[in-house]
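Take a slow look at the model below before reading on. Then follow the text from one place to the next.

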Amino acid sequence: MTATYRLNAGEIRKQFPFFQPHPEMRSVVYLDNAATTQKPYAVIEAVSNFWAHHNANVHRGGHGAGARASEMYEAARTRVAQFLNAPEPAEIVFTRGTTEAINLVASSWGETFVQTGDEIIVTEMEHHANLLPWMRLAEKRGARLKVWRITDDGRLNLADLDRLLTKRTRLVAVSHVSNVLGTVNPVVEICQRAHAAGALCLVDAAQSVAHMPLDVQAIDCDFLAFSGHKAYGPTGIGVLYAKRAWLEAMPPYHVGGGMVQTVRWERLVWAEPPAKFEAGTPPIGEAIGLHAALDFIDGIGRDTIEQYEHELTQYALRRLQEVPDLRLYGPLPDRAGIFAFTLGEIHPHDIATVLDTHEVAIRSGLHCAHPLGERLGGATARASLAIYNDTHHIDALIDALHAVRRLFGLART
Amino acid sequence: MTTLNELYQEIILDHYRHPRGRGELEPPKITQEGFNPSCGDEIILDLRVQDGRVQEIRFRGRGCSISQASASMLTEAVQGKTVEQARALIQQVLALVKGETEGDIEALGDIAALAGVRYFPVRVKCATLAWHALDEALKHAE
């Protein structure tokens, strides 16, 4: 493979303690990045620095440390807004993750604006995080859940969406990148069509945020959600972007401290967004860690990351297709670096265990997308890339897959 | 690689490739499903219990080699046993795959091959799926 990209994965790995030798841990080829990414020193140090030297609650303190903590927390919000090209920081709500962000929209917006007989469109490839909130909402409100089926090669066909959209459609919920198929969905066109029909559009960006440029104004989505931990940041922090008009119109999700303006026995006045949606003490250190993670990503450059991962993806696709009996799911060749596959009749769990003993870490199972798993015929093994992977990691995966074939009698030893 | 060979012993691969006790029973029977939502492994046990004894037992399902081999071994081991004996065996198997067994395991026959699972904590659920289903099924046996 010719190295045309301006990126050295070996140098990137030096910024991650996970990839340094450790007396109690084997070194592994980490290919489970769609589940969670490793954390660079910069993120760990930002979190640790906050807890060690700046810990205080936000928006409450009558003291300097509280003011400093609030500044750091709000600086993280501003950084997220800039990262997503959101018009203003007030459109960024911090949550625990993608799941909570989407649940927030389904509860707050959904239970206010979705009526009996209305329709919500979800795609067949959704992760449960962008599926179950809508299934439950439809059940609660007597609304109709419509499923946008995928093509046999794992894509969404826009003409199918046109057939599903009606005057009763309130929302289209779609993932930017499938966590199983690696499909990159045309979210700009999807939002356009949803809006033309009078519906809103929510984009689940959990699998795209760390891997490609993301611009909420260019996409023109009404809602977008992602998790910090899949973008080199901490767990326990996620983001909901929502257009200001919706945040103004939506009632609070949780109620409690920090989200209220006036509390009298006879009268409640909620705080302005985003505070209205952040009841209780937020994940302050985690937000500050997310700030450092976004700095880390932009320090490399999202165009550079996208180009590098694209070339590595093409290499991986070529090598995977050389393995006899391997069946690869999802579109070819344009896709993100997520590869679900099966190997003959060998169960994916067995593949993952054998790979693990060869120091190659992947995931197996249904990947929290049971309806999609049903469509694909059951469990799959899944390898997924990040910025610190390189062609040697793909080679290690392929070698280990050959060992799986030998062990289960698909090849002569 | 030794531990891998302990997990995938020839006895286990043989039960996986040539499952014993695969199938369904005609009613009357107790049917119990076991399902692992994270990986989709599924076992459906059919059993007929008469006079406090497992007269007949079959399994269906899909899943990894460990879950399916374990179910196959279960049907062989439990057929003809009393409910009491079956319950005792369940406890022995659960202890075995978690590495909590002391002393001789040879008396367990083929099931002893499941001992290799103890080196793979993420696979314990695979090995125990059928046995947990059996435990549930036996609650309906009285």
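A residue is buried if 20 or more other C-beta atoms lie within 10 Å of its own, exposed if 12 or fewer, and partly exposed in between, with C-beta atoms placed from the backbone. Helices (H or I, at least four residues) and strands (E, at least two) are DSSP runs, numbered from the N terminus. Now look at helix α12 of chain A, residues 348-357. Eight of its 10 residues are buried, so the helix is largely enclosed by the rest of the structure. The buried ones are Pro348(A), His349(A), Asp350(A), Ile351(A), Ala352(A), Thr353(A), Val354(A) and Leu355(A). After α12(A) comes Glu359(A), with a positive phi near 60 degrees.

This is a predicted model, in which local features need pLDDT of at least 70, side-chain atom pairs count only at pLDDT 80 or more, and totals for chains, interfaces and linings use all residues. Residues are numbered from 1 along each chain as its sequence is written, while chains are lettered from A and ligands numbered from 1 in the order in which they are written. The term pLDDT is the predictor's confidence in each residue, from 0 to 100. Chain B has a mean pLDDT of 92, and 98% of its residues reach 70 or more. The model's ipTM is 0.83 and its pTM is 0.92.

Next come the helix pairs. Two packed helices are described by the angle between their axes and the distance between the axes. Axes are lines fitted to C-alpha atoms, for helices over the stretch in contact, and angles run from 0 to 180 degrees between N-to-C directions. Angles under 35 degrees count as roughly parallel, over 145 as roughly antiparallel, 65 to 115 as roughly perpendicular and the rest as oblique.

Start with helix α3 (residues 64-84) and helix α10 (residues 284-300) of chain A. Their axes come within 9 Å and cross at roughly 40 degrees. That makes α3(A) oblique to α10(A). The crossing is left-handed; this means that the near helix is turned anticlockwise from the far one by less than a right angle, and a right-handed crossing is turned clockwise. Which residues of α3(A) meet α10(A)? They are Ala69(A), Met72(A), Tyr73(A), Ala75(A), Ala76(A), Arg79(A), Val80(A) and Phe83(A). The contact of α3(A) with α10(A) has 12 nonpolar residues, one polar and one charged. Two residues are in contact if their C-beta atoms, placed from the backbone, lie within 7 Å. Ala, Val, Leu, Ile, Met, Phe, Trp, Tyr, Cys and Pro count as nonpolar, Asp, Glu, Lys and Arg as charged, and the others, Gly among them, as polar.

Now find helix α11 (residues 302-321) and helix α14 (residues 391-407) of chain A. They pack at about 20 degrees, with axes 10 Å apart. That makes α11(A) roughly parallel to α14(A). Their crossing is right-handed. Leu312(A), Tyr315(A), Ala316(A) and Arg319(A) of α11(A) meet Thr391(A), Ile394(A) and Ile398(A) of α14(A).

Turn to chain B. Its helix α2 (residues 10-17) and helix α3 (residues 65-78) pack at about 85 degrees, their axes 8 Å apart. The two are therefore roughly perpendicular to each other. Their contact holds six nonpolar, four polar and no charged residues. In helix α5 (residues 124-139) of chain B sits Leu138(B). It has 20 C-beta neighbours inside 10 Å, so Leu138(B) counts as buried. Beyond its neighbours within four places in sequence, Leu138(B) is in contact with Val83(B), Ala86(B) and Arg87(B).

How do the chains meet? The contact takes 14 residues from chain B and 13 from chain A. On the chain B side, eight are nonpolar, four polar and two charged.

Finish in the loops. His211(A) lies between β6 (200-204) and α8 (216-219) of chain A. With 30 C-beta neighbours inside 10 Å, His211(A) counts as buried. The C-alpha atoms of His211(A) and Ala336(A) are 8.2 Å apart, though 125 residues separate them along the chain. Asp220(A) has a positive phi of about 65 degrees although it is not a glycine. With 16 C-beta neighbours inside 10 Å, Asp220(A) counts as partly exposed. A cis peptide bond joins Pro273(A) and Pro274(A), with omega about 5 degrees. Another cis bond runs from Pro27(B) to Pro28(B), with omega near 0 degrees.
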